[in-house]
Amino acid sequence: MIEIAASTALCLLMLSFVATAMRGRLAVSAAVYLGCAVSCFALALVGVWTLATQAGASAMRVPVGLPWLGAHLRLDALSAAFLTLLGTGGAAASVYAIGYGRHEHEPHRVLPFYPGFLAAMTLVLLADDAFTFLLSWEVMSLLSWALVLTHHREEENRTAGYLYLVMAGFGTMVLLLAFGLMAGAGGAYDFAAMREVARSPALAALVLALMMVGAGSKAGLMPLHVWLPVAHPAAPSHVSALMSGVMTKVALYGFVRVAFDLLGPVAWWMSVPVVVVGAVTAVMGILFANVDGDGKRVLAYSTIENIGVIFTALGLALAFRANEMAGLAALALTAGLVHAMNHMMFKSLLFMVAGAVLNATGQRDLDGLGGLIHRMPKTAFLALVGVTAIAALPPLNGFVSEWMLFQAVLQSPNLPQPGLQFLVPAAGGLLALAAALAAACFVRFYGVVFLGRPRSDAAREAGETDRWSLTAMGALALLCVLAGIVPGVLIDLVAPAVELAVGAGLPLQAGNSWFTLIPVAEGRSSYSGFLVMVFIAVSGGAAAWLVHRLGSRRLRRAPAWDCGLPNADPVTQYGSGSFAQPIRRVMAPVLAARETVTMPPPGDRAAARLAARTEDLAWTRVYMPIIAFVGAAATRFNALQFLTIRRYLSLVFGSLILLLTGLTIWN
Amino acid sequence: MELTGNLILQGVQMLVVLALAPGLTGLVRKFKARLTRRRGAPVVQPYRDLMRLMRKEVVLAENASWLFRVSPYMIFAATWVAAALVPTFAIGLHFTWTADLIALVALLGSARFFLALAGMDVGTSFGGIGSSREMMIGAFAEPAMLLMAFTIALVAGSTQLSNIVAFMASGEVGIRVSMGMALIALIIVGLAENARIPVDNPATHLELTMVHEAMVLEYSGRHLAMIELAASLKLLLYMALIGCVFFPWGIAPANAGVGGLAIGGAIFVLKLAAGGALLALFETSIAKMRVFRVPDFLGVALMLGLLGTLLLFVSRSL
C-alpha cells in the first residue's frame, strides 16, 4: 500500500513539473487539475482500504536524502486516517479547480505549485523519519506560501505572504528543536528509533510544548494564529479550501503523531495547556469570525475555532490516556478525529462557496453582497448545507463530533486529578459558547451573502457558477449529510487509528440499529442522526401537507411590509457590521471593540459617520512589541555595517576568543 | 405488544403536546389579563387564531425566497421533534434514545437558526434587528442550557431524558444545591428562549423593543400559524422539561397501565397550569430590561450552570 501512496505522491510531483513546462494553456490547467483529482482519489482509496481492512503498517525506504538515513516512508492506521482526509479534500478541491481555474488570470502562478503542495502534504503523512518529515513540512509551507502570493500585485496579499513566511519559518524551527530533543544524544532520527528512546517527564513535556508551538502555529492555535486569517483568504479559493480544510489537519497530524505515538507516556498535567489553549482558541476564533466583514476571513477565523475544538478533544484524550482510561481516551480522540474529517468537509465546501461568489460578483466584502439565493440558487442551497453543518446543528455532521466531545467532557468526573476535574467542565462551557457563537456567525454569513436584497450591482447581476464547481460542492455537501446521519461508518473507519494512538477503540458502531451512536453505554447516551432526520422530514412534510390540504394554499406576492415603512434602499437592511453589533458590544473588552461617532456641527449638512473597529489583542499586545523590538534592534545593529577593516578584524578576533572560552568552560 | 404500546404512547404524547400547546399560551395570557384586572380573551383564543391564520391566504414579500417559505415547517418540525423527546406524563417514550438532552438543545438551536435566517430573508431592517438580537441571546442561552444539562447528566449519570426522569422520580436524589442552581438556570434560559418578559415582550407593538416578533414580522397566513404553533410548543417544552426533571411527581412509570397514564396526564395538565400561573405572575411583576442587560441576565444562568457542574465535581452528593 505504501508503494501506491508513495508513487501517487511522485505522480503529483511530476504533474508540478509538467505544469511548469507547459505554462499558461487553458487545456493544460484542466488536465493538471484532473490529474490531481485522480491522484487524490487514489490516495483516499488507499487510506480507506488500509483502515477498512485493518491492514498493518507497511513501510519502505527510498535512497534519497541524507546518505546514511535515506527517506523512510510508512503507512499505518494513523497516517491512513489523515491520508483519507487529504485525499477527499484534495480531490474535491481539484475537481472544483477545473471550473474555478478558468477564471484565473495567471494560471501559471497556481498550476506548478498546486500538485506539489498536495504531494508535500502526502509526504508529511507518510514520513517515517524526522528528516523526511521536516523537509516535506517545509516544502508544504513554501509551496503554500507561493500559492498565497498568486495575486501578488495586491499589497494586502504581499503582507499576508510575508507574515506567513515568517510564521512558517518560526514553526519549522520549533519543530526542528522538538525532533532534535526527541532524537536525543544518540541521534535517532527515524521514528522507529524515536519510539524506543526513554525520556524523562520534563523532557517529554518540553517536546510536547514545542510541538504545540510548531504544529499549533501551522494549525492556527492562539496566539500563533495571526497569519492564518490573512494568508488563507489571500490564496485562490480552491487553495484556501485546501489550506483550511486539509493543511491545518496535516499540522494536527504532526501533533497527534508525536503526542500519541512517538513521545510515549506524557504526564497528566501536560494535558492542561492543550485543553486550555484549545478551548480559548475556539471561543476567540469564533468571536473574531463574528465581527469580521470579509467573507473569506470569516471562514478562516472559523477554521481557528474548529482547530481549537479539535485541540480540546486531543487534550482530553491526553488526560484520559495519562490516567490509563483507554476507553475514554478513545472517545475523546475519536471526537477529535471525526471533527477533523467533518471540518474538512464543511470548511472546504464553504470556501468553495466563497470562491463561487467571488467569481460571480468579484466581491469578498460581505457588505457588497446579498440576495444571491435568487441569482445562484444551487450554490445557495449547497451553502445552506455547509452553514447548517458548521453551526453544529442536528442532523448534520458538525453536531455529531460536538456531541461526542460533550460526552467525553461529561466523563471527566472519573479523572482523579482535581485540577482537571475543574478545568474540563469549564472547557466544556467554553466549547458550548463557541458552538452557539458559531451559529450566530453563520446566520450572519449566510444571511448577508445569500438572503435579503443585493447591496451592489455586481450582486444584482451575478450568475450561477459552473458545473465542475457545483459537482465538487455537491459531493462535499452530500458527505456532510451522510456523515451526519450515518456517523457510525466514519467512527468505525477511524477506529484503527484511535486504537494505534491510545490502545483502545470505541465499541463497534456498525451493528447498532437505526445507525445509532452509542459511545459508552446504551443507558448513558445515544444519538441517531438518521432517525432525527427522518422525524424532522416526516413531521415537517406531514405538517406542510396537512396545512395545504385542510387550510389554505393561496399565496399572493406583495411589497415587503416592514411595519408599514419599507425603504427601497438596500442599505437599510442589516449588514455584516450591524448584525454583529450586539455581540461586538457585549464582548467589547475581549475584542477591544470601539465605536466612534463623528457628528457634523449643527447646521452642517455633511453625513454623520459611525465607525466600528475591533482589534486582535494577540496582534497588538504580543506581535507589535516584538516587531517594534526587532525594528529597534535592527536600527542599532545598523551601525555595524559601517566599520573600518581593523574594527571588523578585532570583532572577529573577540568573538573567537569568547567562543573558545565558552567551549573550555563547557567541557 | 410492548413495542406497539410504546409506539402508541409516543404518538399520544406527541399529539398531546401539540394539542395542549396553544392552550398553555392562552392560559398564560388569560392569567396575565386577570392579574392586570382585564377580562382577557378566552383560553381557547390561540386555537381560534391558528385556525383563522391557516385559512387565510399568505401575503409573501416580493423578494422572499424558497427558504422563507420552507422555514416555518422546518422550525415547527424541529421544535415538535424536540418536544416529543421530553417525557410529559409518562416515562416510557419509545424514541427517547434517538436524541438525548444535548441533542434536544441543539434541535432547538436548529429551529432558532432557521428562524433567524428567515428574518434576514426579505431584507428589511426589522427582520435583521430581530435576527441579530435573537442570535446574541441564543449565544448565551444555549451554553447556559448545555451547562445545566451537564449538571443534570452528572447527577443522573445519563444524558437520556427518560433515564434522567426515572432517576429523578426514584427519590434517590434528595435536595441538592446543584439541582437548585440548574433549576434557576433553566428558568432563566426558558424565559429568554421563549421571548418572555424580562428579555422580550410577547405582546409588544413597539418595534424597536421586539426580538421574536421582529423576526416574524413578514410572515402571514399559514406560515405565521406554523411559527406561532412552534412558539407555543417551545413554551410547553420548557414547562414540561422543568416539570419532568425537577418536579417528577405523578409522572407515570415506564410500564404503567391506562389508569396510571390517565392520572399522569391529569397531573401533567395541572403542572402546566401551575407553571403558566407562575409565569404570568412573574411577567406581570417585572419590567422588561434593555437589550444590552440581557447578557448579564443570561450570564447569571451561565454562571449558575457552571457552578452547579463544579459543585458536583467537588462532591457527588451536593
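## Stop 1

Select A:Cys563, which is partly exposed, with 15 other C-beta atoms within 10 Å. For burial, C-beta atoms are placed from the backbone, and a residue is buried if 20 or more other C-beta atoms lie within 10 Å of its own, exposed if 12 or fewer, and partly exposed in between. A:Cys563 is not a glycine, yet its phi is positive, about 60°. Most residues other than glycine have a negative phi, and most peptide bonds are trans. You will find A:Cys563 in the loop between E3 and helix H22 (576-586) of chain A. Helices (H or I, at least four residues) and strands (E, at least two) are DSSP runs, numbered from the N terminus.

Before moving on, a word about the model and its labels. This is a predicted model, in which local features need pLDDT of at least 70 and side-chain atom pairs count only at pLDDT 80 or more, while totals for chains, interfaces and linings use all residues. Residues are numbered from 1 along each chain as its sequence is written, and chains are lettered from A and ligands numbered from 1 in the order in which they are written.

## Stop 1: where the chains meet

Now show both chains. Here 73 residues of chain B are in contact with 71 residues of chain A, contact meaning that the C-beta atoms of two residues, placed from the backbone, lie within 7 Å. Which element gives the largest share of the side of chain B that touches chain A? That is H5(B), with 18 residues. Other elements giving two or more residues to this side include helix H3 (66-84), helix H4 (101-121) and helix H9 (221-246) of chain B. Color that side by class and you will see 43 nonpolar, 19 polar and eleven charged residues. In this scheme Ala, Val, Leu, Ile, Met, Phe, Trp, Tyr, Cys and Pro count as nonpolar, Asp, Glu, Lys and Arg as charged, and the others, Gly among them, as polar.

Next, pick strand E3 (residues 555-558) of chain A together with E1(B): they pair in the parallel sense over four bridges. Two strands pair if DSSP finds at least two bridges between them. Zoom in on A:Ala558, whose bridge partner in E1(B) is B:Ala61.

## Stop 2: a covered strand in chain A

Select strand E2 (residues 71-75) of chain A. Five of its five residues are buried, so the strand is largely enclosed by the rest of the structure. A:Ala71, A:Leu73 and A:Leu75 point one way from E2(A), while A:His72 and A:Arg74 point the other way. Look for A:Ser58, opposite A:Leu75 in E2(A).

## Stop 3: The contact of H13(A) with H15(A) has nine nonpolar, two polar and no charged residues.

Move to helix H17 (residues 418-450) of chain A, where 28 of 33 residues are buried. Just after H17(A), A:Gly452 takes a positive phi of about 75°.

Then try H19(A), whose buried residues include A:Trp468, A:Leu476 and A:Cys480. The buried residues of H19(A) pack against several helices of chain A, among them H13, H15 and helix H21 (529-550).

## Stop 4: two cis bonds and two loops

Where are the cis peptide bonds to look at? One joins A:Met222 and A:Pro223, with omega about 0°, and A:Pro223 sits in the loop between helix H8 (201-219) and helix H9 (228-234) of chain A. Another runs from A:Pro394 to A:Pro395, with omega near 5°, and A:Pro395 is in the loop between H15 and H16 of chain A.

Switch to B:Ala195, which has a positive phi of about 55° although it is not a glycine. B:Ala195 is buried, with 21 other C-beta atoms within 10 Å.

End at A:Thr644, in the loop between helix H24 (617-637) and helix H25 (645-666) of chain A. A:Thr644 is exposed, with 8 other C-beta atoms within 10 Å.
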